[in-house]
Every structure is written in C-alpha cells, then in structure tokens.
Amino acid sequence: MAEHVILFTGPMGAGKTTAIQSLSEIDVVLTEGVNTDRETADKATTTVALDYGEIDLGDTDKVRLYGIPGQRRFEFMWRILKQRAKGMVLLVNNDAHDPISAMLEYLDEFAELYEKGGVIIGISRSDVSGTPTLDQYAAALDAARPGMLAPVMTVDPRDGAHMRMALMTLIANIEMRAMFGSMQHAQEPA
Amino acid sequence: MTDETPAHKNPVVVAFATTMLAAMRDESRSLQFAVLLTDDGFEVAHHSATLDATATADGKLASMSSSIQALSEAVTRELKISAPNEYIVLATDKGQVIQQRIPGHTLVLAALFSNDENLGLALSVLRRHADQAANFLTAQGVK
C-alpha cells in the first residue's frame, strides 16, 4: 500500500482542522487550546500542536493528514511536522488581511514540500470575501515563483467531497511530478 | 463577574504570576525556570533562575509547553485515562520539566527543576502554586 503524508498549512482560521475533519475516516486527533487571540481569528479554540487524520484512497493508497498550528509562535511544530510530509495543502482564507502575502509566506516556509512532492493552494472563505480572485493569486504565484506547478482553487473545508477533490488533485500532482522526475533521470547521460 | 481580558494581557494577572513564580523559586532552590502560560501558548509571566535569555526568548517555552500539554492530553484521552489532576513529567539526567493545568482555568504552569529536587517534592511545589493561582484567578473572575 502506498502511503502519502500530507501537511495542511496556512494561517490561523484558514480551515485546516475543519478540512482534516471533513476528510478523515478515523476520529481526528485534535490538540485544541482556548483561543485568546480573537482579533486574528474569531473562533473559540485553536490548534496548538497538530491535527491528525487518515483516509484510504481506493485499496492501494493511505493518506496521513497532518495539520499545523497556524501561528508562527508554533514554528517548532512546523519544523517537526514537515520532516515526514511529501506534499502540502496550503489553505488561505480569502477574508484574511493580505491573503496573497500569507500564501507566499507559507510557500516560502514550506518550500521543501514542493521540492519533495507537491503543493496545492486552496482558497477558503471566498464566499465571505470575493477578492482577491483566483487570477490574482495565480499572478502573484507566477511572479514570486515562476514555473511552480501548484494548482490554485477555491475550497470549502467543511465539504468532504470538495476537500477530497482537492486532495486527489494534489496526489495526482505529486505522482505526475515524481513520474516526470524519474523519466528525466533516466534520460540523463550516464 | 467574569473578566474577559486574556490572562497574558491582564496586568493584575501578570503581576500576580510574576510574584508567584518568584515565590516558587524561593521555596525550591532547585527550580531553574517556571512559566505560566495560556492554553494557546502565550506567556503570562516567567521566572528564570539559571536559563539564559536565548532559551526563554520570544515566549518559545510557553508555546512548547502549550503543545506538550495538548499532545499529552490527546494521548490520555486516546487511552481513556484522562483525569482532572493529570500532570506531565519530562525527565532527563540533567533535570525534570513538570507541568499541569491550573485547576478550573485555561492556564498551565510549567517548571524546570534540577535533579537536586526529588520529583515528589517538585510536584508538591508545583501543585501548591497551581492551587494558589486557581484561587486567585477565581477570586478575580478570570477564566
């Protein structure tokens, strides 16, 4: 059975825990603390260590889903969690202050996950704020990281089918890049 | 009446915590570092007897203690052994970190003791001060 370890990253309030809960086929391991920073995200609790869930894709693939705490003060957890991950679902809430900068910041922070596997960018809460548009995200991505193959799509973390489609897109992206990588390797002169 | 100001932004709580942590050190000379933190990893106050500034900078130990608290509670929940007065011990040949929740509140007290202190005594110091903090916070109407 092939195993994929996928990290859900992004700022506080982007919907990482909700997305993992929507996707997971096991009871999600949650590490929630009471949120005292209601100015950044108006929610009762926040992840302070990690979220963990699992999903089987067909009979052959198991996906382990890890969520990070979004706040930079938990950066030590980011370093631990990104060691095993082979791909990233970067969630950015469209109603955040400067979500495009947030996207670029997390892409920089977790750049090695793109190199190791692949990245998909999910824009959440686009029903709350219609801008920036997907085109604006794609243009910013292209300007900051030319040539990066990272799909950008709107997502609803509450919707399991929606998140499953995003996850499948990421896995397909990881597998395609791995296949092209090994083909390129085979064509290199010895 | 409940005071909704987060503990780390409440000057009355910060002043109380600063005094309490210094009193802990007076009680136990093997205490090297102690911090009171919010559930979500903000430092309310710390007292450092021996750790250098780098180790305690930016409230990093408060964030780490918050993660450890939540992870440990996830384990005890999973194993169905969680209980109100649980505490966490990280022991090495060079010292021991002990932490526990402030009973009835969303705060955690964590302390590093050298191995000169017997674990039972260190634990009793921590518990006594956690109870003292609980009484103060309740009287102040702080969660």
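Colleague: Hi! I'm new to this one. How much of chain A is buried?

Modeller: Welcome! Buried residues account for 51% of the 190 residues in chain A. Keep in mind that this is a predicted model.

Colleague: And how much of chain B counts as buried?

Modeller: For chain B the figure is 48% of its 143 residues.

Colleague: Back to chain A, then. How many helices and strands are there?

Modeller: Chain A has six helices and eight strands. Reading from the N terminus, its elements follow the order β-α-β-β-β-β-α-β-α-α-β-α-β-α. The radius of gyration of chain A is 16 Å, close to the 16 Å from the globule rule for 190 residues, so chain A is as compact as a globular protein of that length.

Colleague: What box do its C-alpha atoms fill?

Modeller: Along the principal axes, the C-alpha atoms of chain A fill a box of roughly 60 × 40 × 30 Å.

Colleague: Now chain B, please. What does its secondary structure come to?

Modeller: Chain B has four helices and five strands. From the N terminus on, they run α-β-β-α-α-β-β-β-α. The C-alpha atoms of chain B fill a box of roughly 45 × 35 × 25 Å along the principal axes.

Colleague: Let's change topic. How much space lies in the largest pocket?

Modeller: The largest pocket holds about 640 Å³ of space.

Colleague: Which residues lie nearest its centre?

Modeller: Those are A:Gly13, A:Ala14, A:Gly15, A:Thr18 and A:Arg125, out of 33 residues that line the largest pocket. Helix 1 (16-23) and strand 3 (45-47) of chain A each give at least two residues to that lining.

Colleague: What is the lining like by class?

Modeller: The lining of the largest pocket has 15 polar residues, nine nonpolar ones and nine charged ones.

Colleague: On to the rings. How many aromatic pairs are there over all chains?

Modeller: Searching the whole structure gives five aromatic pairs. One of them is A:Trp78 with A:Tyr106, a tilted pair with 5.6 Å centre to centre and 45° between the planes.

Colleague: Where do A:Trp78 and A:Tyr106 lie in chain A?

Modeller: A:Trp78 is in helix 2 (residues 75-82) and A:Tyr106 is in helix 3 (residues 99-109), so the pair ties together parts of chain A that are 28 residues apart in sequence.

Colleague: Is A:Trp78 buried or exposed?

Modeller: A:Trp78 is buried, with a relative accessible area of 1%. A:Tyr106 also counts as buried, at 6% relative accessibility.

Colleague: What about A:Trp78 and A:Phe110?

Modeller: A:Trp78 and A:Phe110 form a tilted aromatic pair too, at 5.6 Å centre to centre with 45° between the planes. This pair links distant parts of the chain, 32 residues apart: A:Trp78 in helix 2 and A:Phe110 in the loop between helix 3 and helix 4 (111-116) of chain A. A:Phe110 is buried, as is A:Trp78. Through ring pairs, A:Trp78, A:Tyr106 and A:Phe110 are linked into a cluster.

Colleague: Which charged end sits over the ring of A:Phe110?

Modeller: That would be A:Lys82, whose charged end is 5.1 Å from the centre of the A:Phe110 ring.

Colleague: And what lies over the face of B:Phe42?

Modeller: A:Arg73 lies over the face of B:Phe42, 3.7 Å from the ring centre.

How values were computed: Residues are numbered from 1 along each chain as its sequence is written. Chains are lettered from A and ligands numbered from 1 in the order in which they are written. This is a predicted model: local features need pLDDT of at least 70, side-chain atom pairs count only at pLDDT 80 or more; totals for chains, interfaces and linings use all residues. Side-chain values use heavy atoms; hydrogens and water are left out. On a 1 Å grid over the protein atoms alone, a cavity is a set of points where a 1.4 Å probe fits but cannot get out, and a pocket is an open set with protein on both sides within 12 Å along at least five of seven lines; lining residues have an atom within 4 Å of a point. Grid points are joined across faces, edges and corners, and a volume is the space filled by probe spheres set on the points. Ala, Val, Leu, Ile, Met, Phe, Trp, Tyr, Cys and Pro count as nonpolar, Asp, Glu, Lys and Arg as charged, and the others, Gly among them, as polar. Rings of Phe, Tyr and Trp (its six-membered ring) pair if their centres lie within 6.5 Å; planes under 30 degrees apart count as stacked, over 60 as edge-to-face and the rest as tilted. Buried means under 20% relative accessible area, exposed over 50%, partly exposed in between (1.4 Å probe, protein chains only). A charge sits over a ring if NZ of Lys or CZ of Arg is within 6 Å of the ring centre and within 35 degrees of the ring normal. The radius of gyration is taken over C-alpha atoms; the globule rule is 2.2 Å times the number of residues to the power 0.38.
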